[in-house]
Amino acid sequence: MDVERDMADEGTAEDSAQPGALRAAMAEELRQMGALRSDPVERAFRVVPRHLFSPEAPLMEAYGVNRSVVVKRDDDGMALSTVSAPSMQANMLEQTEVQPGMRVLEIGSGGVNAAMLAELVGAEGHVTTVDIDADVTERARRGLSESGYDQVRVVCADAEHGVADQAPYDRILVTVGVWDIPPAWLDQLVEGGWLIVPLRLQGVMRSIALERADDRLTSRSVHPCGFVPMQGAGAREEHVALLDADVGLRFDEQRRLNIAGLSEALTTPPEERWSGITIGSREMIDDLTLWLTTTLPGCGMLTAKQAAIDRGLVGRPARRGVPAAVDGDSFAYRATVRTTEDERHELGVHGHGPRGAELAEQYVDLMRQWDRQHRHGPGAVIEVHPAHTPDERMNHGFVLDRNHTRVVIFWP
């Protein structure tokens, strides 16, 4: 198999050396940044010729650790299918903890991830990859063949129903963003098997490794991520309320909002409240974001274009999306300010509207609670139960009711 892949890289001697060198440099960078943490996953990254799965992209783009390659867009230019960035794939594969001999189903087929899964399961294992788009599966099939991974089974189907004829699976790895977990995925997973899924939770997405125990799934790890949304029967659009041409509030579900009042509030000077909590310039606060989305009243995600920040309408954190407390004609969102101490920022809140100051106070209190109780803790635990599960059978926490499931988020 290695010989076939080496031949796939060959053109002239100079041509074949470049992808190999780029693979090695990519793997080394991923190790240094902590995305690669185990030898088997690192070897997969060093072996699989990922440029063969996106031949139209420049080599440097194909091997850029934080670069996703869009392979298909819709009529409005939105990405429908991508070859995910190596850093995202590395973190997810490490989460998956694939062992030799396992049976794995990948949902969302770009090809290169399936090839790395094939490396991890080895000759005694089996990998099936499924996608709803025939163009995507044909592209994946071609890339797998050219790179020497013909043993991977490629299926064109709506992944809402899984791939029953190859089940059961030790691992199901989902590489598209989902709002709910369909029953077929649980049914096709062995007892004690893991489902790794990018799940939308109140406007944020987290890659969650969930272990099956009977009809319950419990998280083993939770990481931030970003993926194109699922298509087909499981598709679920976010709802966006525009407060300005460059500022919006995103929600997982339809909400009744006072758009006129919120838009007016946006133009008023903010009420500022500061928490006394400081963070380093490189410190990740993904746990804080998830904590806020599960505790803030009426929480949505405030997002803004750079033009709105330049105009002074909102602060810089809104550029990437920030949790917002929303109540009637008022809202509040997280802000930051540089401290006198080098490389640190203080967390605060900007409140807008008649109740902006009150919401800002609540927001600051919740951030302080996170700082005291959860900042250095194990993080959130996420459980997924069937939709019919009564409250008394679930842990106490924040509950998201979906079509097929009840998702519970709680903080030990």
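**Notes on a predicted model: strands, helices and salt bridges**

1. β18 and β19 form a hairpin, with three residues between the two strands. The model is a predicted one. Strand β18 covers residues 398–401 and pairs with β19 in the antiparallel sense, over four bridges. Within this pairing, L400 stands opposite V407 of β19.

2. β19 also pairs with β17. Six bridges join these two strands, which run antiparallel. P386 has T405 in β19 as its bridge partner. In general, strands of a sheet pair through backbone hydrogen bonds, in either a parallel or an antiparallel sense.

3. How many of the six residues of strand β19 are buried? Six of the six, so the strand (residues 405–410) is largely enclosed by the rest of the structure. Both faces are covered. T405, V407 and I409 are buried on one side, and R406, V408 and F410 are buried on the other.

4. The model also has an open sheet of seven strands. Its order is β10-β11-β13-β14-β15-β16-β12, and the pairing is antiparallel. Edge positions go to β10 and β12, each of which pairs on one side only. On average, neighbouring strands of this sheet are turned by 30° against each other, direction ignored.

5. Strand β15 (residues 330–338) and strand β16 (residues 344–352) run antiparallel and are joined by eight bridges. R338 stands opposite H345 in β16.

6. What links α12 to β12 through side chains? R273 forms a salt bridge with E361, with the closest N and O atoms 2.8 Å apart. R273 lies in strand β12 (residues 271–280) and E361 in helix α12 (residues 356–373), so the pair ties together parts that are 88 residues apart in sequence. Both partners are partly exposed: R273 has a relative accessible area of 22%, and E361 has one of 36%.

7. Beyond α12 comes H374. This residue lies in the loop between α12 and β17 (381–386). Is H374 buried or exposed? H374 is buried, with a relative accessible area of 7%. Leaving out residues up to four places away in sequence, H374 touches W291, Q369, W411 and P412.

8. The side chains of R311 and D246 meet at 2.9 Å, N to O. R311 is in the loop between α11 (306–310) and β14 (322–327), and D246 is in the loop between β10 (239–244) and β11 (247–251), so the pair ties together parts that are 65 residues apart in sequence. D246 counts as buried, at 17% relative accessibility.

9. R255 sits in the loop between β11 and α9 (259–266). At 30% relative accessibility, R255 is partly exposed. Apart from neighbours within four places in sequence, R255 is in contact with G298, C299 and V326. The C-alpha atoms of R255 and H239 are separated by 8.1 Å, and these residues are 16 residues apart along the chain.

10. Helix α7 has 13 residues. From its first C-alpha to its last it reaches 18 Å, close to the 18 Å expected at 1.5 Å a residue. V136, T137, R139, A140, G143 and L144 are buried in α7. Seen down the axis of α7, the buried residues fall within an arc of 160°, so they line one face of the helix.

11. The side chains of R141 and E138 meet at 3.3 Å, N to O. Both residues lie in helix α7 (residues 134–146), three residues apart, which is about one turn of the helix. An α-helix has 3.6 residues a turn, so residues three or four places apart point the same way. R141 is partly exposed at a relative accessible area of 36%, and E138 is partly exposed at 38%.

12. On the overall tally, the model has 27 salt bridges, counting a side-chain nitrogen of Lys or Arg within 4 Å of a carboxyl oxygen of Asp or Glu. A network of salt bridges links E28, R31, D39, E42 and R46.

Technical notes
Residues numbered from 1 in each chain as written. Predicted model: local features only at pLDDT ≥ 70, side-chain atom pairs only at ≥ 80, totals over all residues. Heavy atoms only, no water. Buried < 20%, exposed > 50% of the residue type's maximum accessible area, 1.4 Å probe, protein only. Pairing = 2+ DSSP bridges. Axes fitted to C-alpha atoms, helices over the stretch in contact; angles between N-to-C directions. Expected span 1.5 Å × (residues − 1). Arc of directions from axis to C-beta. Contact = heavy atoms within 4.5 Å.
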